[in-house]
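Me: Please take a close look at one part of this model: the strands and the turns that join them. How do they pair?

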Amino acid sequence: MTKPAAARRHLPSSPFKPPVTRPPKQFATGDRVTHDEYGLGRVIRIEEGIAVLVDFGSLQVRIMSPYSKLAKL
């Protein structure tokens with residue numbers, strides 16, 4: 001049997017840099033955004049920490065956090 005992978009902790013004496021944790025993406029109503037699948041759009045509603053609703057012109061899509069395919073312009 002194998003043990004489940006646990007998160008490794010960084011030791012201060014380690015010669016390697018600790019992994020970088022990026023802050024979560026923040027969006028505001030009215031922000032222009034681009035999505036890998038849907039293209040250009042505008043944020044029309046925000047559900048804090050859960051999702052954003054984006055209007056892409058012909059359709060509105062609710063995009064769930066962590067917004068990996070969504071970028072602010």
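Reply: Here is the strand region, taken hairpin by hairpin.

The model is predicted, so local features need pLDDT of at least 70, side-chain atom pairs count only at pLDDT 80 or more, and totals for chains, interfaces and linings use all residues. Residues are numbered from 1 along each chain as its sequence is written, and side-chain values use heavy atoms, with hydrogens and water left out.

Strands are DSSP runs of E, at least two residues, numbered from the N terminus. Two strands pair if DSSP finds at least two bridges between them.

Start with S1, residues 32-35, and S2, residues 39-47. Their pairing is antiparallel, over four bridges. Three residues lie between them in a hairpin. His 35 faces Gly 39 of S2 across the pair.

S2 also pairs with S3, residues 51-55. That pairing is antiparallel too, with five bridges. Ile 46 stands opposite Val 52 in S3. This hairpin has three residues between its strands, and Gly 49 takes a positive phi near 75°.

Next comes S3 with S4. They pair in the antiparallel sense over five bridges. Ala 51 sits opposite Met 64 in S4. Four residues separate the two strands of this hairpin. In its turn, Gly 57 has a positive phi of about 95°.

Now the faces of S4, residues 60-64. In a regular strand, side chains alternate between the two faces of the sheet. Val 61 and Ile 63 make up the covered face of S4. Gln 60, Arg 62 and Met 64 make up the uncovered one.

Note on methods
Buried < 20%, exposed > 50% of the residue type's maximum accessible area, 1.4 Å probe, protein only.
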